[in-house]
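Trainee: Could we go through this one together? I'd like to start with the chain contacts and then turn to the pockets.

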Amino acid sequence: MKTFNALISANNISVIKNQKSILRDIDIEINKNDFITIIGPNGAGKSMLLKCLMGFYKPDKGDIRKKKNLKIGYMAQNINIKNNMPINVQRFVTVHKKFDEYSLKKVILETQIDKIINKQMSVLSGGEMQRVLLARSLLNNPDLLILDEPAQNLDISGQINFYKLLQSIYKKRNLSILMVSHDLHLVMVSTKKVLCLYNHICCSGEPHQIAKDPEFISMFGKDMANMMSVYQHSHNHNHDHDHDKDFIIGEKNI
Amino acid sequence: MERKIFDPFIIRGLLAGIAVALVAGIVGCFVVWRRMSYFGDSLAHASLLGVALGILIGIGANAGIVFTSLLFGFLLLWLQQSKDLPTDTLLGVLSHFALSISIIIISLNKIKIDLHSFLFGDILTVTSNDLWWMYLGGIIVLILILFNWSSLILVTIDEDLAKAEGINPLFVNLLLTTILTIVVAISVKIIGILLITSMLIIPAATSRRLVSSPESMAFVATLFGLLSVFLGIFLSVEIDTPSGPTIVVVSSFLFLLTTFLSIFVVKK
């Protein structure tokens, strides 16, 4: 048997709930320094796959192997902190966590929350809240960061800033990222591998390959596929775009 | 009848009041944060059923309250798992059922209890035996809270986040229900079944505007609770009124006072 090098690998996992197949024969392997983005329509089982990988849900079939002492950081989609509890950012980031002062300082600077560290959680803006949640997930220096639609509640410039920040953290920390995101056009540059999920894995591969995959096009339509190749183009200059009109639309959207 | 401040009745009443204030401040914060005031109210109503059954079976009111309220609390948690009906509807059905059935049991069996003192509290009913139970219960509550503090806080902030970090929210909810049950049992004699929730939420609400962390809110709420209990019991002795309503009126005045102060003074 070959040695186990992956951080997490799931072999053939299936989840059935209320006689409905949520996940079907999923194989996924996350290695060091991977940046994997999972896309797929609502109800495709994306969050369930994350739950299985993190070990909160035991799949009905298949097995999941984890590297020993693997540290996972999980960034929640959004939390709804109520004004009736007084708690500031620093306390929230550290509550129920084991950490040392150095890691805390590092995380605060990385996620640029130093100016808001004493603010109450209830007054944060959407973008600030996402940075605080990211900081919390990074505090124990994870090998793997798992994010579930991290920028869902942000406006477009907020999304761009957030993904820029994520990209810089990915580069600096040399960690692996597994993310569910619909903002494919924005994460295209950073993502190394896209996994297209609809209860089973429809297709997977590098972003520019996947945009040409017939299964991808049938699921997301031609426009999305075109848009993706355009973004890919505008950042990486892989001269494979078909006409200039798309290119202009692409630039506008940035 | 003239009563002295150092009358053993009053001393026992004060000691009981201190026990109530020490737990009610902290537990009350969770009731405010998690919007559980109606839950607390229902639990308190169910405790009258505990009083009736406890006396009927012969295990005493205190044990009756703890058993019935625990059963009631777990029943509520279980019902909440099904999402067909909103929680407040379920609570409304159950709490009024419990209140009504206990009045029927009391009148059918001609149980001789002073209903008035159970509903509104009476410091004269506190025996030294009660005091031992109250302080034992209070210590259990404080230990349970202290050892689970950060889990309780995280689950209160966000259940999914807590789940992702390995905390079982159901366990924490069971824990909190158990804690609330003990607090209800402790408070019945002094505050009365109908007013227990206010002893939980008013001190917590009073401290909310003055603090910036969960711990300081719990601490300041406890101080306000103690102050209300002291002033309330002295007043109730002085003007011969039921202890529960007097304590609640005092703590409500403190609430209004800090609210006005924080609006008109701090804003300037």
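Trainee: Which side chain meets Arg91(A) in a salt bridge?

Mentor: Keeping in mind that this is a predicted model, the partner of Arg91(A) is Glu215(B), and the two side chains form a salt bridge with an N to O distance of 2.4 Å.

Trainee: And how many salt bridges are there between chain A and chain B?

Mentor: The count between the two chains is three salt bridges, and the rule for polar contacts finds seven residue pairs across the interface of chain A and chain B, with both residues at pLDDT 80 or more. As for composition, the side of chain A that touches chain B has ten nonpolar, seven polar and four charged residues.

Trainee: What area is buried between chain A and chain B?

Mentor: About 1900 Å² is buried between them, and carbon and sulfur atoms give 59% of that area. Within chain A, the residues that lose the most area to chain B are Met85(A), Pro86(A) and His96(A), which together account for 32% of what that side buries. In terms of residues in contact, 21 from chain A are set against 23 from chain B.

Trainee: Switching to pockets, what volume does the largest pocket have?

Mentor: Its volume is about 900 Å³, and the lining is made up of 26 residues, with Arg34(B), Leu77(B), Gln80(B), Glu159(B) and Asn173(B) lying nearest the centre. Sorted by class, that lining divides into eleven nonpolar, eight polar and seven charged residues.

Trainee: Which helix gives the most to the lining of the largest pocket?

Mentor: That is H9(B), with five residues. The elements of chain B that each supply at least two residues to this lining are helix H3 (61-81), helix H4 (87-108), helix H7 (149-157), helix H8 (159-164) and helix H9 (169-191).

Trainee: OK, and which residues lie nearest the centre of the second largest pocket?

Mentor: Here both chains are represented, with Lys51(A), Phe56(A) and Tyr74(A) from chain A and Asp160(B) and Lys163(B) from chain B lying nearest the centre of a pocket lined by 18 residues. Two elements give two or more residues to the lining of this second largest pocket, namely helix H1 (46-54) of chain A and H8 of chain B, and the largest share, five residues, comes from H8(B).

Trainee: What about its volume, and how many charged residues are in the lining?

Mentor: The second largest pocket has a volume of about 460 Å³, and its lining has seven charged residues, alongside eight nonpolar and three polar ones.

How values were computed. Residues are numbered from 1 along each chain as its sequence is written. Chains are lettered from A and ligands numbered from 1 in the order in which they are written. This is a predicted model: local features need pLDDT of at least 70, side-chain atom pairs count only at pLDDT 80 or more; totals for chains, interfaces and linings use all residues. Side-chain values use heavy atoms; hydrogens and water are left out. On a 1 Å grid over the protein atoms alone, a cavity is a set of points where a 1.4 Å probe fits but cannot get out, and a pocket is an open set with protein on both sides within 12 Å along at least five of seven lines; lining residues have an atom within 4 Å of a point. Grid points are joined across faces, edges and corners, and a volume is the space filled by probe spheres set on the points. Helices (H or I, at least four residues) and strands (E, at least two) are DSSP runs, numbered from the N terminus. Ala, Val, Leu, Ile, Met, Phe, Trp, Tyr, Cys and Pro count as nonpolar, Asp, Glu, Lys and Arg as charged, and the others, Gly among them, as polar. Contact means heavy atoms within 4.5 Å. Buried area is the accessible area (1.4 Å probe) that two parts lose on being put together, summed over both. A salt bridge is a side-chain nitrogen of Lys or Arg within 4 Å of a carboxyl oxygen of Asp or Glu. A polar contact is a pair of N or O atoms within 3.5 Å; within protein, one must be able to donate a hydrogen and the other to accept it, and residues adjacent in sequence count only if both atoms are side-chain atoms.
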